[in-house]
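Dear colleague,

I am passing on the structure that follows, and below it I have set out what was found in it. Please read the notes alongside the coordinates.

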Amino acid sequence: MDQKHSITSRISYALGAFGHDMFFATLSTYFIMFVTTHLFNTGSASQNDKMISIITLIIFLLRFVELAVDPLIGNVIDNTKTRWGKFKPWVVIGGGVGSISLICLFTDFGGLTKSNPVLYLALFAIIYILMDMFYSFKDIAYWSMIPALSFDSHEREKTATFARIGSTIGGNIVGVVVMPLVLLFSISLNHGTGDSRGWFWFAVIVGTISFVTAVIVGLGTKEIDSALRKNKERTKFRDVFKVLFKNDQLMWLSLSYGLYTIGVTLTNSMELYYFSFILGDASKFSILAILNTIVGLFAVSVFPALAKKWKRKNVFFISITIMVLGLLLFSFADTSLPFVITAAVLFFIPQPLIFLVVLMTITDAVEYGQLKEGHRDESLTLSVRPLLDKLAGAVSNGVVGLTAVWVGMTTGASASSVTSAGKLIFKFMMLGIPFLLVIIGTFIFFKKVKLNEKMHAEIVDELEKKWGKNFDSSEDAVEMDQQIKNPSGESALNIYAPVDGELVPLSDVNDDVFASGKMGKGFVIKPKGNKVYAPFDGLIRMAFSTRHAVGIVSHTGVVVLIHIGIGTVNLKGEGFVTYFDRGKEVKRGELLIEFSPEIISQNGFDDIVITVFTNSDAYQSINTTEKHDVNHNEVVAEIIK
């Protein structure tokens, strides 16, 4: 059933990404095309250009205002507690309100653009900010679910890969269907760009799909329950930006990705203009969109393998190299369709890979900030990525709108009406500026971003040791203690060996935290088998995401941490199988974990099994047997109150 639920969850999450990126692509890439070429048709070119300029300025300013609001939205989500979870309500509500608002924006509000332009602009601003805010709630909540679904960095890569497959299809399928749908519902073809009626029904279809897939996410996903996700205090509004600024890796990555995504969004947003006003055939844009969908799916599907073989940062730099090559080829493509398609595909191939590298690094920054600040802020941290994408959208919409007015790509224009000088300016804005932004962002990433897979594994290891030491006194522990049935009044507890093997002193462990006794008193067994058993009757209190450790509390209050191996956190669960759930009661001798000594050895780690009593100070004595060879049916220690 767990495997079945995992598959359902991944499919649901991927479908959510499909609808979400359809919405985002429509908003960031095609909405401005509708504004500049169809929304204003007053009969006066100067009036049309004036209204387009005002609209693009409104979008630009509203999105900049919202940049300060997004972290606060992330904090609201972090502090949300409902019977349906922290994230799903915002995904569904944001999807509903955002979709309705988007559909409204693809209208002229009953002809107000001509009859009352001032009222139109006021209503536009209100509906746009409403749409943008609820989109933010949905976007932040959706992508913030990744660290809530797993602590394992590689498992997160798999989940994100499923999501990125969905988003790649969703984001690119819009490009495939936009012009066919617009022309299908249009009364006038208008040089192959359709009319307002066609664009409206296109928005209706996108909005409906976006909302339905948001509901699917709400019904089909589930957060993990782990003590590492428990905060003892909430982040106050006045501390929101302090939390972000103290996470130096998050901030450097944000600067790098911010420059990169502004450049990429500029080019992506201008591609349909290129096909419409440089090549002179907007219908050919569907060819590019189909190819981008295919290569995008391929790029996403190979990401886990590439990240495992070359590491994420190397994938990032290789992807940037391919992207820059695409931009250079695009600058020489002119009106050659094969040349344009080749350059545009080369430019697009790396985008899903770079997105995943950035998303995984920001996700890992959740634990980085948690270790550094002692406080976990999932949605607040993950809100940075959509904030930067919205910044890119704001800059892009502003630049694209003003560029369209500047070079004459507005209502009634065609490829023949755009001058050579206008085309040259357009190409510089579409290709030259993005080239510079991508290069600068890459340099910052190379010099300042140090958070990688190895560093993240070490951080999780430190966090798990810290929580393993403190979980006996946490609020979560008190809550679980109440679940223990029939507490015993016994003054002593026999501890059975959790694994067959050779008993050795804890001080011999090659790990200062354990050997020094900081985690508590205990013992070590060099295993001769590969099965770990419950050393007494009790309750599973701590279930580690990497499956290499387990925390149990006895009915008498003894708290034990069983840790398999040294450095095995780096295996991220590979070679371990667990047979318990957090909160489950277990009997002495019940099988808890199976592990693979071969996999542990092949990766250069020690497979010793460490057993420590994290609340040792609460007991009079802990006596360990002097025997060397033990099995899991033998008593190896006695704890006296």
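Among contacts in the protein chain between residues at least 6 apart in sequence, what percentage join residues at least 24 apart? The value is 79%, where contact means heavy atoms within 4.5 Å.

Please bear in mind that this is a predicted model, in which local features need pLDDT of at least 70 and side-chain atom pairs count only at pLDDT 80 or more, whereas totals for chains, interfaces and linings use all residues. Residues are numbered from 1 along each chain as its sequence is written, and side-chain values use heavy atoms, with hydrogens and water left out.

Overall architecture

The protein chain has 21 helices and 14 strands, which are DSSP runs numbered from the N terminus (helices are H or I with at least four residues, strands are E with at least two). Of its 641 residues, 57% count as buried; buried means under 20% relative accessible area, exposed means over 50%, and partly exposed lies in between, with a 1.4 Å probe and protein chains only.

Helix packing

Helix H4 (residues 88–105) and helix H8 (residues 196–220) have axes that come within 8 Å and cross at roughly 175°; the axes are lines fitted to C-alpha atoms, for helices over the stretch in contact, and angles run from 0 to 180 degrees between N-to-C directions. H4 and H8 are therefore roughly antiparallel to each other, given that angles under 35 degrees count as roughly parallel, over 145 as roughly antiparallel, 65 to 115 as roughly perpendicular and the rest as oblique. The residues that meet include Val 91, Gly 95, Ser 99 and Leu 102 in H4, and Phe 200, Ala 203, Gly 207 and Ser 210 in H8. By class, this contact of H4 with H8 has 12 nonpolar, six polar and one charged residues, where Ala, Val, Leu, Ile, Met, Phe, Trp, Tyr, Cys and Pro count as nonpolar, Asp, Glu, Lys and Arg as charged, and the others, Gly among them, as polar.

Helix H13 (residues 337–348) and helix H14 (residues 350–373) pack at an angle of about 10°, and their axes are 5 Å apart, which makes H13 roughly parallel to H14. Leu 346, Phe 347 and Phe 348 of H13 make the contact with Pro 350, Gln 351 and Pro 352 of H14, and by class the contact of H13 with H14 has five nonpolar, one polar and no charged residues.

Aromatic residues

The structure holds 29 aromatic pairs; rings of Phe, Tyr and Trp (its six-membered ring) pair if their centres lie within 6.5 Å, and planes under 30 degrees apart count as stacked, over 60 as edge-to-face and the rest as tilted. One of them is the tilted pair of Phe 31 and Phe 34, at 6.4 Å centre to centre and with 35° between the planes. Both lie in helix H1 (residues 2–39), three residues apart, which is about one turn of the helix. Phe 31 counts as buried at 0% relative accessibility, and Phe 34 is buried with a relative accessible area of 1%. Phe 200 and Trp 201, by contrast, form an edge-to-face pair, at 5.3 Å centre to centre and with 75° between the planes; Phe 200 is partly exposed at 24%, and Trp 201 is partly exposed at 34%.

Ring pairs also link a cluster whose members include Phe 31, Phe 34, Phe 109, Tyr 120 and Trp 199. Within the loop between H4 and helix H5 (112–115) lies Phe 109, which is buried with a relative accessible area of 17% and has a phi near 55°, a positive value in a residue other than glycine.

Individual residues

Glu 271, in helix H10 (residues 248–277), counts as buried at 5% relative accessibility. Leaving aside its neighbours within four places in sequence, Glu 271 is in contact with Phe 285, Leu 288, Phe 330, Ala 344, Phe 347 and Met 430.

Phe 443, in helix H17 (residues 420–448), is exposed with a relative accessible area of 54%. The C-alpha atoms of Phe 443 and Ser 256 are separated by 7.9 Å, although these residues are 187 apart along the chain.

Lys 311, in the loop between helix H11 (285–310) and helix H12 (312–331), has a positive phi of about 75° although it is not a glycine, and Lys 311 is partly exposed at 47%.

With kind regards
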